[in-house]
Amino acid sequence: MRWSYSASRSFRQCQRQWFFKNRAANARAKDPFQKRAYLLSKLQSISAWRGKIVDDVISETIIPNLNRGFFITLAAAKTRARDLFNRQLAYAKRHPITDLTLQVSKEGDDFAVFHAMEYEGELPEQEIEQAWCEVETALVNLFSLEDIKRILKSSDYIVAQRALQFTLMDDVTVLAYPDVIAFRDDAPPAIIDWKVHAFGMNDAWLQLAIYAIALSRCKPHADFPRGFETQPQEITLYEVQLLTNVVRKHSLEKEQMIEAEEYMISSAYEIACLTEGRKYADLNVEDFRTAVYEEACQRCAFRAICWEKSHVY
Ligand code: SF4
């Protein structure tokens with residue numbers, strides 16, 4: 001079983017949502033229900049989408065340029081963001097996900113589908129305008145964060161959105177995708193997590209602690225520095241709230257390491273007890289508890305197939 005921090009949160013919020021995303025959804029399945037679950041799993045809220053645009057500009061434009069020795073200008077970053085924003089918005093308005101033959105992997109970076117189109121049938125224009133303002137704000141703030149720019153510019157090599165995997169316990173592999181890992185010759189690596197949240201109140205230490213543990217235990221990728229090894233306590237962890245311009249620097253104490261380890265093990269154990277290693281065909285959706293709070297259903301991508309199966313609320 002693959003375990004991730006986001007899957008653990010989804011499981012605690014609604015076991016059935018976890019089932020749809022992690023067991024039912026399958027891009028290559030012949031079963032139309034599984035294909036539909038896969039396409040629904042791609043639905044995004046407008047706020048998640050604008051955060052992803054910022055992430056994509058950083059990881060696909062700013063970081064590759066930094067690795068070549070250039071720090072692109074704010075104007076260039078905004079132009080790239082606007083291009084992505086316009087293309088994805090035009091695609092999302094077509095909302096082609098009722099077509100079960102759609103192959104997401106062939107749609108390139110135009111692809112975006114919105115929760116609002118699926119469940120309300122239209123896009124909230126004001127929210128879209130607000131989303132663009134927030135993309136711009138996030139990029140302006142990023143370019144004003146001198147400490148973070150200094151870390152990025154002084155790094156010897158940076159990887160973005162790279163999968164880190166390690167074995168947590170029998171049959172459980174942890175999968176983590178830190179936004180940025182900055183390797184430095186003269187210092188331990190730094191991990192940066194970008195957050196594009198309006199209030200920026202969430203303290204992301206647990207998520208960052210799991211990333212640090214994953215970086216210390218994973219099999220290094222071929223492009224990691226030769227002989228790379230590190231300890232979680234050595235890694236500098238930054239949570240960068242790009243809308244509120246707050247940077248939180250975290251360092252791991254022994255108690256936090258233990259807490260993060262216990263969180264992973266208890267969550268993985270909870271999921272494993274319910275699924276017992278069984279695949280989709282051997283599982284019954286009714287064995288997965290529905291959401292405790294109605295608000296979770298309002299935001300849920302899988303409402304269409306969940307409510308077809310049973311009247312949850
Ligand atoms: S609609 Fe509600 S109960 Fe059904 S999967 Fe989503 S969150 Fe869970």
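Asp-171 is exposed, because its relative accessible area is 67%. Relative accessible area sorts residues into buried (under 20%), exposed (over 50%) and partly exposed (in between), using a 1.4 Å probe and protein chains only. This is a predicted model, in which local features need pLDDT of at least 70, side-chain atom pairs count only at pLDDT 80 or more, and totals for chains, interfaces and linings use all residues. Residues are numbered from 1 along each chain as its sequence is written, and side-chain values use heavy atoms, with hydrogens and water left out.

## Two loop residues with positive phi

Asp-171 lies in the loop between β5 and β6 (172-176). Strands (E, at least two residues) and helices (H or I, at least four residues) are DSSP runs, numbered from the N terminus. The phi angle of Asp-171 is near 65°, a positive value in a residue other than glycine. Most residues other than glycine have a negative phi. Gln-161 also has a positive phi, near 50°, and is not a glycine. Gln-161 is in the loop between β4 (157-160) and β5 (164-169). With a relative accessible area of 32%, Gln-161 is partly exposed.

## The ligand and its surroundings

Which residues are closest to the ligand? They are Cys-14, Cys-297, Cys-300, Cys-306 and Trp-307, out of 12 residues that surround the ligand. A residue is near a molecule if one of its heavy atoms lies within 4 Å of it. By class, this shell has 9 nonpolar, 2 polar and 1 charged residues. Here Ala, Val, Leu, Ile, Met, Phe, Trp, Tyr, Cys and Pro count as nonpolar, Asp, Glu, Lys and Arg as charged, and the others, Gly among them, as polar.

Helices α2 (15-24), α11 (294-299) and α12 (303-309) each supply at least two residues of the shell. Helix α12 gives the most, with 3 residues. The space taken by the ligand is the largest cavity. A cavity is found on a 1 Å grid over the protein atoms alone, as a set of points where a 1.4 Å probe fits but cannot get out. A molecule sits in a cavity if more than half of its atoms lie within 2 Å of its grid points.

Helix α2 is largely enclosed by the rest of the structure, because 8 of its 10 residues are buried. Among these buried residues are Gln-15, Arg-16, Trp-18, Phe-19 and Phe-20. Ala-304 belongs to helix α12. Ala-304 is buried, with a relative accessible area of 18%. The C-alpha atoms of Ala-304 and Arg-36 are separated by 9.7 Å, although these residues are 268 residues apart along the chain.

## Aromatic rings

The whole structure contains 17 aromatic pairs. Rings of Phe, Tyr and Trp (its six-membered ring) pair if their centres lie within 6.5 Å; planes under 30 degrees apart count as stacked, over 60 as edge-to-face and the rest as tilted. Phe-11 and Trp-18 form an edge-to-face pair, with 5.5 Å from centre to centre and 90° between the planes. Both Phe-11 and Trp-18 are buried. The pair of Trp-49 and Phe-85 is tilted, because the ring centres are 4.6 Å apart and the planes are at 35°. This pair links distant parts of the chain: Trp-49 is in helix α4 (residues 46-67) and Phe-85 is in helix α5 (residues 74-94), 36 residues apart. Trp-49 is buried at 0% relative accessibility, and Phe-85 is buried at 2%.

Ring pairs also link a cluster of residues, including Phe-11, Trp-18, Phe-19, Phe-20 and Tyr-280.

A charge sits over a ring if NZ of Lys or CZ of Arg is within 6 Å of the ring centre and within 35 degrees of the ring normal. The table lists two such cases.

| Charged residue | Ring | Distance to ring centre |
|---|---|---|
| Lys-153 | Phe-71 | 5.0 Å |
| Arg-303 | Trp-307 | 5.5 Å |

## Two further helix residues

Glu-134 is in helix α7 (residues 125-144). At 15% relative accessibility, Glu-134 is buried. Glu-134 and Ser-267 are 133 residues apart in sequence, and their C-alpha atoms are 34 Å apart in space. Ser-154 is found in helix α8 (residues 146-154) and is partly exposed, at 44% relative accessibility. From Ser-154 to Arg-184 the C-alpha distance is 7.5 Å, with the two residues 30 residues apart in sequence.

Terms used
1 Å grid on protein atoms, 1.4 Å probe; cavity = no way out; pocket = protein on both sides within 12 Å on 5 of 7 lines; lining within 4 Å.
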